[in-house]
Amino acid sequence: MHLPKSAQAPKGLLPKGSQLHGELSVAQGLRIEGQLWGNVRAADGDAATVLVAEGASVVGAIEAAHVIVQGQVQGPIVATQHLQLHASAQVDGELHYRTLDLHPDAQVRGVLVPMLGMEVEAPAVSEPLEPAAPGAAAEPEAKGVAKGPTGDADKANEADQPAGE
């Protein structure tokens, strides 16, 4: 997977080892290599890109024209143009996108919502989620779990079976 032609390479950087708590509004995209607890919005029209690098994590909402996930995201994502989920991606949240590249090894827990040419209002996120305490095993309630594009195949097969089998 690569950056779409209409996308700009992100100019901002949250470096590896960095931690940020708060809201971000960036003009020319953002590459996240550290940890972000809060929401990020890239407001550079149809060209802005937010990239969550492998080993990075975001707990909060992401909104940009182009979103690339190689790390972990816990929260909704709105990609008004293109969403890429790489093999190392682990996403827990509602995903809105116009076009989608989904690697078969990407892990998605949530709902995929194609925008299909309509304007979609971003999910409301009033506050960033609090990070779990170290060693805590709290799992948010999920609407569905999928690993790659074939994650729902078992559910479909179960639905075809008559009751009691």
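Which residue stands opposite I77 in strand 13?

The protein has 165 residues, and 36% of them are buried. There are 16 strands and one helix. So let's talk about strands.

Back to the opening. The residue opposite I77 is L95, in strand 13. Strand 13 covers residues 95-102, and strand 11 pairs with it in the parallel sense. Seven bridges hold that pairing.

Now look at strand 11 itself, residues 77-85. Seven of its nine residues are buried, so call this strand mostly covered. Strand 9, residues 62-69, also runs parallel to strand 11, and seven bridges join the two. Find V69 on your screen. L85 in strand 11 stands opposite V69.

Next, strand 7, residues 49-52. Four bridges join strand 7 to strand 9, and again the two run parallel. Here V52 stands opposite V69 in strand 9.

Strand 7 has another partner. Strand 4, residues 30-32, runs parallel to strand 7, with three bridges between them. R31 stands opposite L51 in strand 7.

Which way do the residues of strand 7 point? T49 and L51 point one way, V50 and V52 the other. All of them are buried. As a rule, side chains in a regular strand alternate between the two faces of the sheet.

Now the core. The largest nonpolar core has 27 residues. Which of them touch the most other members? I32, I62, I77 and L85 do. Strands 4, 6, 7, 9, 11 and 13 each supply at least two residues of this core. In general, nonpolar side chains tend to be buried together in soluble globular proteins.

Stay with I77 for a moment. Set aside neighbours within four places in sequence. I77 is then in contact with I62, V67, V69, L83, V91, E94, L95 and H96. Notice L95 in that list. That is the residue from the opening question.

On to charges. How many salt bridges does the structure hold? Two.

One joins E33 and R31. The closest N and O atoms are 2.6 Å apart. E33 is partly exposed, at 25% relative accessible area. R31 is partly exposed too, at 31%.

The other joins E63 and R41, with the closest N and O atoms 2.6 Å apart. E63 lies in strand 9 and R41 in strand 6, residues 40-42, so the pair ties together parts that are 22 residues apart in sequence. R41 is partly exposed, with a relative accessible area of 43%.

Stepping back to the whole protein. Take contacts between residues at least 6 apart in sequence. Of these, 23% join residues at least 24 apart. The accessible surface comes to about 9,300 Å², and 51% of that belongs to carbon and sulfur atoms.

Last, confidence. The mean pLDDT is 77, and 65% of residues reach 70 or more. Where is confidence highest, and where lowest? Strand 10, residues 72-74, is highest, at 98. Helix 1, residues 153-160, is lowest, at a mean of 43. Over residues 131-162 the pLDDT is below 50. Beyond near neighbours in sequence, that stretch has 32 contacts in the model. Be careful there. Where pLDDT is low, the predicted coordinates should not be read in detail.

That's the tour. Thanks.

Note on methods. Residues are numbered from 1 along each chain as its sequence is written. This is a predicted model: local features need pLDDT of at least 70, side-chain atom pairs count only at pLDDT 80 or more; totals for chains, interfaces and linings use all residues. Side-chain values use heavy atoms; hydrogens and water are left out. Buried means under 20% relative accessible area, exposed over 50%, partly exposed in between (1.4 Å probe, protein chains only). Two strands pair if DSSP finds at least two bridges between them. A salt bridge is a side-chain nitrogen of Lys or Arg within 4 Å of a carboxyl oxygen of Asp or Glu. pLDDT is the predictor's confidence in each residue, from 0 to 100. Contact means heavy atoms within 4.5 Å. A nonpolar core is a set of buried Ala, Val, Leu, Ile, Met, Phe, Trp, Tyr and Cys residues joined through side-chain atoms within 4.5 Å. Accessible areas come from the Shrake-Rupley method with a 1.4 Å probe; for residues, only the protein chains shown count as cover.
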